Amino acid sequence: MHSAVDKPALSPARLAIHAVLLVAVLLYLVPLVVMLLTSFKTPEDIGTGNLLSWPTAITTVGWVKAWGTVSGYFWNSILITVPAVAISTAIGALNGYVLSMWRFRGSQLFFGLLLFGCFLPFQTVLLPASFTLGKLGLASTTTGLVLVHVVYGLAFTTLFFRNFYVSIPDALVKAARLDGAGFFTIFRRIILPMSTPIIMVCLIWQFTQIWNDFLFGVVFSSGDSQPITVALNNLVNTSTGAKEYNVDMAAAMIAGLPTLLVYVVAGKYFVRGLTAGAVKG
Amino acid sequence: MATLELRNVNKTYGSGLPDTLKDIQLAIKDGEFLILVGPSGCGKSTLMNCIAGLEQITGGAILIDQQDVSGMSPKDRDIAMVFQSYALYPTMSVRENIEFGLKIRKMPQAAIDEEVARVAKLLQIEHLLARKPAQLSGGQQQRVAMGRALARRPKIYLFDEPLSNLDAKLRVEMRTEMKLMHQRLKTTTVYVTHDQIEAMTLGDKVAVMKDGIIQQFGTPQQIYNDPANQFVASFIGSPPMNFVPVRVTAQSGCLVAVLDSGQARCELPLAGAAAELEGREVILGIRPEQIALGGAQGNGLPGIRAEVQVTEPTGPDLLVFVTLNQTKVCCRLAPDVACRVGDTLALQFDPARVLLFDAASGERLRLASTTASVMDNAAASTGR
């Protein structure tokens, strides 16, 4: 081991490691490269060249057309995702706060049952959810879709916050109670300011889940209120006219960009937040 | 400034579970310093949480200034508490930590500033006010935690093992400082500790607890000189009291306890021992510092010759271990006593100072000569 570290020259073992890593990198990068290259090609160019060939002329025609087609749905997705993420995170934080620091009789059982929500496949809740939305008069509305995402996400957000808060010493809450602070004051002034890492984890997780969701989107929305994932599917799966691969690829890139952006901006908190509880014990 | 009284306080975490606190009965006067001491799991922290209102009692009453506060929420009891972990709010600066309780109570900002300045000066933390708790050392955090409690000027301070997270040297310093502080402020204080030295040095009154029951309640001197049972006797004092099993026999009309060092025998007269003790096995309790080196002076005290097995020079003292009745016995001697392992020492005991305990129950077997202090003790433990 020691010599392998010291030796600047490439030993066979090192070469093998690098080779494997290189293959893995290519495996992940090639689809992205193909998408990017294709999105900047003209339809004729796509027809004549191969997948990995450089565009004969770089054109943004595909991107412009894609944006024209999906921009409305892009805003739909934002209108669905932002409130759903915000509400589910807020309620999850409050749930976690209660379940870790204001335990009541049966709160452990309550938490256990709530955890089941994490293991429920989307498909099982489709019918009950659609029935409920119908009763509430929210069928095929953005509000309805937000509600479904909030309820489905609560199991996860509660789990995140509860597990983060159990690592905070009880004495903090006791001290604040003796200082005269009440339930919400303690939450707002003491607990929330300590929660940045787990809030970030929750935001990223929920944003990714809800933005990328297809099933709830396709079931609980229709027409002009559909999220971008559904619109992308509709665009790609059209059976009329010639396939415009450059438009498809550009639209797919547009659909994927926001999640990437969230990772870049808040990603460092993600790893930190996931390990925070583990390290402090 | 307040009196505190606990009347038959009970606490259980559910029927069928053992009681965490059983019939806790004690009272302290305005400005007194009460120590709750006992091994971990004895219920002392639970009792403190009950006084604070962080946990509900299931029976009895807690009275502050004669007013029953059992049903009140913590914030209405006007109590401040210092926690073992300090429980400083990590996202707030030292100043904000101290201010927090005052702001919640809607004190005007000018008064808050004045109060923070007073407390910071008192505790010498003025230069730390802008820092966050994570930037402070353990001792500094401890001071801030105390500052937070002092700022409110509550009726009662509660301290939950406040010094146990400090290193040994700092702990001794802070102990003295806390005593000074209490002498100056004269606020009624309840202090939980498992450290018997803190209990002896800080308290006006000490309650020794075990298994949710107060074993003895009294002044440190009463607890030390006149323990109610073997548990109290063993818990208070360092090095701890020696417990030697002895047989009580009658010797020319007087009861005596027989000690055997392997080299010699000695009959310790038990003046005032009840006649029914004759022939029984009892536990003889004697503190290490009450064993003296027998000299040639011939003061008439009973003595015994015993072989030195281990010596531990601690600096101010020399601890010598000998064997009496097959039990290791520690003797606290002057450091200049010249003795080595294997030497034979002449040791003396003052029969008036030894205590007897029941071998089975550990209860104190009182001798008639100590009746007076028994009365004192009974008066103290009712707390009236």
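Student: Which residue is the bridge partner of Asn10(B) in β4(B)?

Tutor: In this predicted model, where local features need pLDDT of at least 70, side-chain atom pairs count only at pLDDT 80 or more, and totals for chains, interfaces and linings use all residues, the partner of Asn10(B) is Gly59(B). Residues are numbered from 1 along each chain as its sequence is written, while chains are lettered from A and ligands numbered from 1 in the order in which they are written.

Student: How many bridges join β1 to β4 in chain B?

Tutor: Five bridges link β1 (residues 4–12) of chain B with β4 (residues 59–64) of chain B, and the two strands run antiparallel. Strands (E, at least two residues) and helices (H or I, at least four) are DSSP runs numbered from the N terminus, and two strands pair if DSSP finds at least two bridges between them.

Student: And what do β4(B) and β5(B) form?

Tutor: They form a hairpin with two residues between them, and Asp65(B) in the turn has a positive phi of about 50 degrees. The pairing of β4(B) with β5 (residues 67–68) of chain B is antiparallel over two bridges, with Ile64(B) opposite Gln67(B).

Student: Switching topic, how is chain B divided?

Tutor: Chain B has domain 1 (4–235) and domain 2 (242–367), with bounds from an automatic or database domain assignment. Their centres, taken over C-alpha atoms, are separated by 39 Å.

Student: How many residues of each are in contact?

Tutor: Six residues of domain 1 of chain B are in contact with eight residues of domain 2 of chain B, where contact means that C-beta atoms, placed from the backbone, lie within 7 Å. The domain 1 side of chain B has four nonpolar, two polar and no charged residues; Ala, Val, Leu, Ile, Met, Phe, Trp, Tyr, Cys and Pro count as nonpolar, Asp, Glu, Lys and Arg as charged, and the others, Gly among them, as polar.

Student: What about the contact between the chains, how many residues does each give?

Tutor: Chain A gives 14 residues and chain B gives 17 residues. On the side of chain A that touches chain B, the elements giving two or more residues are α8 (170–178) and α9 (183–191) of chain A, and α8(A) has the largest share, six residues. That side of chain A divides into nine nonpolar, two polar and three charged residues.

Student: Last one, which residues does Ala207(B) touch?

Tutor: Leaving out residues up to four places away in sequence, Ala207(B) touches Leu26(B), Leu34(B), Ile35(B), Leu36(B), Ile214(B) and Phe217(B).

How values were computed
Contact = placed C-beta atoms within 7 Å.
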